[in-house]
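I am keeping these notes while going through a structure that is new to me. Each entry records what I looked up and what came back.

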Amino acid sequence: MELVLAIFIGLLYACGVYLLLRRSIVKLILGVFVLSNATNLVIFLAGGITRSGISILQDEVVVDKSNITDPLPQALILTAIVIGLGIAAYTLALKYKYYKVTGTDDLDRLKNTDQR
Amino acid sequence: MILFGFIFFPLLYIIVGFFPFPLKWKKVLALLTVGGNLVNAVNLIYKISHVGMIKVSPGSWPAPFGITLVADRMSAFLLLITAIVAVSIVLFSLQSVDRPRLERGYFQFLFGIIIGVNGSFIAGDLFNLYVWFEVMLMASFILMSHGGEQPQLEGAIKYLILNLISSFFFVAGIGLLYGKMGTLNLADLSNKISQLGDAKVILNPSLVLIVVGFAIKGALFPFFFWLPASYHTPVPVVSALFAGLLTKVGIYSLIRFYTLILYHNSAFWNPWILGVGTVSMVIGVFTASSQFDFRKKLSFHIISQVGYVVIGLGFFTLSGLAGALFFLGHNMFAKTNTYLVAGWVHKRKGTLDLKNLGDVFKESPVWSVLFIISAFSLAGLPPLSGFIGKYSLIKSGIEAHHLFISLVALFVGIFTLFSMLKIWIEVFWKPVKEGVKSFTIAGDERLMVTASGILALMSVLMGIFGVPIIDYCTEAAADLLSPEKYIRFVLNV
């Protein structure tokens with residue numbers, strides 16, 4: 001299962017980077033979303049994936065510790081997803097405003113503020 | 001409790017700002033908030049100089065399990081400087097930012113940045129640090145595009161995408177590190193890594209990801225490209241705030257991370273840190289000298305000056321770290337002030353193109369003096385703060401037998417002076433070119449002078465009272481060099 005998930009994350013990263021390198025701003029933004037989800041999955045995978053019971057332990061019950069998933073990475077991902085949601089909303093609003101001002105979706109037009 | 005104040009004051013303003021009070025009240029309230037923050041910071045540095053370190057565990061979870069907020073001497077120093085910079089930024093904003101922006105929550109986003117910066121300086125946990133970074137970034141994204149002019153939106157897209165990528169690097173690194181070590185508390189991590197022995201090589205991939213994240217945030221070579229493409233687009237006072245605080249947070253995190261975690265494998269990391277610092281210094285200053293825009297020139301200097309701090313970290317001696325810390329503080333004052341002067345020029349003249357400016361000295365000697373104090377301080381002329389910072393950095397470099405890097409630092413200093421003189425001559429001294437229409441937009445600017453004056457005064461004071469401040473920085477550096485103290489304090493063992 002780890003291997004499948006690892007390969008899948010690799011694919012997601014590849015897709016994200018490919019989208020980042022496209023000329024269209026919308027695709028660039030989609031690439032950012034894909035990368036953000038791939039990163040969340042990295043945390044999930046790094047925490048270890050064992051199919052098991054809940055990790056809320058009572059004092060008197062003796063549990064096999066190797067059989068519990070660490071809940072912390074999932075809490076971290078939850079935070080990361082919420083942050084990602086806020087950023088996604090902002091990015092799309094920014095793109096919308098940019099399109100209204102300039103009427104273009106072409107990254108190559110974004111040259112005016114660069115150093116020459 | 002005192003550490004909560006750094007988050008509580010700005011947060012309170014953000015909440016109150018949503019209520020439909022008249023703009024005048026909001027302005028007064030913003031001033032009170034930064035004032036409260038400043039009082040809190042002074043109080044903290046007073047306490048810290050007696051106790052050494054302070055920690056708070058929100059929710060009373062003990063250290064490695066819950067989030068811990070820790071302040072040591074370095075944090076207190078930077079928090080105080082942030083508070084002073086924030087006061088002058090708010091003062092300057094009151095008169096330089098236009099009314100529609102002020103009415104649409106300008107101060108709320110400004111305080112969002114201040115919460116993020118304050119929080120990053122006291123975070124004792126990697127994931128918590130990431131969350132503060134995001135708080136700071138979200139607010140800065142919005143401030144960058146606030147107002148919605150075309151160059152602003154363009155700059156905001158570049159700034160946004162590259163900073164998001166740096167966050168992904170950082171989070172992926174955090175995830176992998178957690179997978180291997182099972183903890184994210186910095187003190188606990190440092191403790192556990194020191195018990196690993198030779199096996200710590202397996203941590204390198206995750207550490208590289210985290211350091212790349214810091215390097216993008218801190219605008220180090222070769223990750224600085226977002227900075228000069230975006231910092232000259234927003235309202236001038238916003239660029240001043242960004243230049244003064246944001247990149248410095250990345251560098252602070254790098255220092256904290258290096259002295260707690262990376263130093264375990266310093267044979268691998270030290271050459272990289274030194275190399276990146278040196279190249280950043282040189283590239284920044286060379287590219288700056290070819291620019292013809294006031295703010296673009298200053299943006300490239302940020303990269304160069306961040307390099308100075310990083311070589312101080314790379315020397316990894318007591319005096320090197322003390323110099324780096326002093327330089328970081330000095331740079332926050334001086335850099336912000338040069339940007340504030342740029343903001344004033346922009347307000348007065350409506351342009352920042354060096355070719356179309358001139359004769360400003362005749363118009364306002366006061367602002368010229370304010371500029372030259374900070375500019376010469378950046379270039380490192382005595383008796384200003386930059387001289388002490390550069391002197392102690394270069395001296396410690398020679399003592400640590402990094403002769404070549406010290407020579408490069410000296411050489412870069414000359415080029416900084418060259419750039420600053422170029423701005424001085426082009427903007428303040430030369431007569432306006434014939435055919436260029438010169439005009440002046442008048443307006444009340446007493447608060448703006450005060451704001452800039454505070455920062456210039458700080459540059460002078462840091463130069464004159466260099467010895468006690470360097471002594472304080474040396475104590476802070478001693479804490480950084482003996483992480484056992486930090487670990488014992490945080491983990492209570």
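Predicted model: local features only at pLDDT ≥ 70, side-chain atom pairs only at ≥ 80, totals over all residues.

**Entry 1: H401(B).** H401(B) sits in the loop between helix 17 and helix 18 (403-429) of chain B. I then checked the backbone: phi of H401(B) is positive, about 65°, although H401(B) is not a glycine.

**Entry 2: S60(B).** I turned to another residue with a positive phi that is not a glycine, S60(B), where the angle is near 60°. Which loop holds S60(B)? I found S60(B) in the loop between strand 1 (54-56) and strand 2 (69-71) of chain B. With a relative accessible area of 66%, S60(B) is exposed.

**Entry 3: cis peptide bonds.** I looked up the bond between F221(B) and P222(B), which is cis with omega about -5°. P222(B) belongs to the loop between helix 9 (204-217) and helix 10 (226-230) of chain B. I noted another cis bond, from P382(B) to P383(B), with omega near 5°. For P383(B), the place is the loop between helix 16 (365-379) and helix 17 (385-399) of chain B.

**Entry 4: R99(B).** I wanted to know how far R99(B) is from P382(B) in space. C-alpha to C-alpha, R99(B) and P382(B) are 40 Å apart, and in sequence they are 283 residues apart. R99(B) is in helix 4 (residues 99-103) of chain B. The relative accessible area of R99(B) is 52%, so R99(B) counts as exposed; the cut-off is over 50%.

**Entry 5: helix 14 of chain B.** The place of K349(B) is in helix 14 (residues 318-349). Is K349(B) buried or exposed? K349(B) counts as buried because its relative accessibility is 8%, and buried means under 20%. What does the side chain of K349(B) contact? I found a polar contact with the side chain of E363(B), at 2.9 Å. I also took the distance from K349(B) to N492(B): the two are 143 residues apart in sequence and 58 Å apart in space, C-alpha to C-alpha.

N331(B) also lies in helix 14 of chain B. Its relative accessibility is 1%, so N331(B) counts as buried. Leaving out residues up to four places away in sequence, I listed what N331(B) touches: K248(B), Q305(B), T336(B) and L378(B).

**Entry 6: a nonpolar surface patch.** I asked which residues form a nonpolar patch on the surface of chain B. They are L11(B), I15(B), F19(B), F21(B) and W25(B), with about 510 Å² of accessible area together. I picked out F21(B), which is in the loop between helix 1 (2-16) and helix 2 (23-51) of chain B. F21(B) counts as partly exposed because its relative accessibility is 34%, which falls between the cut-offs of 20% and 50%.

**Entry 7: chain A.** I moved to the other chain. Chain A has three helices and zero strands, and along the sequence the pattern reads α-α-α. Chain A has 116 residues, of which 34% count as buried. Of the contacts in chain A between residues at least 6 apart in sequence, 55% join residues at least 24 apart.

**Entry 8: chain A against chain B.** How many residues of each chain are in contact with the other? I got 35 residues of chain A and 37 residues of chain B. The size of an interface is often given as the accessible area lost when the parts come together. For chain A and chain B, the buried area is about 3,100 Å², and carbon and sulfur atoms give 77% of it. I looked for salt bridges between chain A and chain B and the count was zero. Residue pairs in polar contact between chain A and chain B number two, both at pLDDT 80 or more. Helix 1 (2-20), helix 2 (25-46) and helix 3 (72-102) of chain A each supply at least two residues of the side that touches chain B. Helix 3 of chain A gives the largest share of that side, 15 residues.

Key
Residues numbered from 1 in each chain as written. Chains lettered and ligands numbered in written order. Heavy atoms only, no water. Patch = residues over 30% accessible without salt bridge, like charges linked within 9 Å, V, L, I, M, F, W, Y side chains within 5 Å. Areas by Shrake-Rupley, 256 points an atom, 1.4 Å probe, with all protein chains shown as cover. Salt bridge = Lys/Arg side-chain N within 4 Å of Asp/Glu carboxyl O. Helix = DSSP H or I, 4+ residues; strand = E, 2+ residues; numbered from the N terminus. Buried < 20%, exposed > 50% of the residue type's maximum accessible area, 1.4 Å probe, protein only. Contact = heavy atoms within 4.5 Å. Buried area = accessible area lost by both parts, 1.4 Å probe. Polar contact = N/O pair within 3.5 Å; in protein donor to acceptor, adjacent residues only side chain to side chain.
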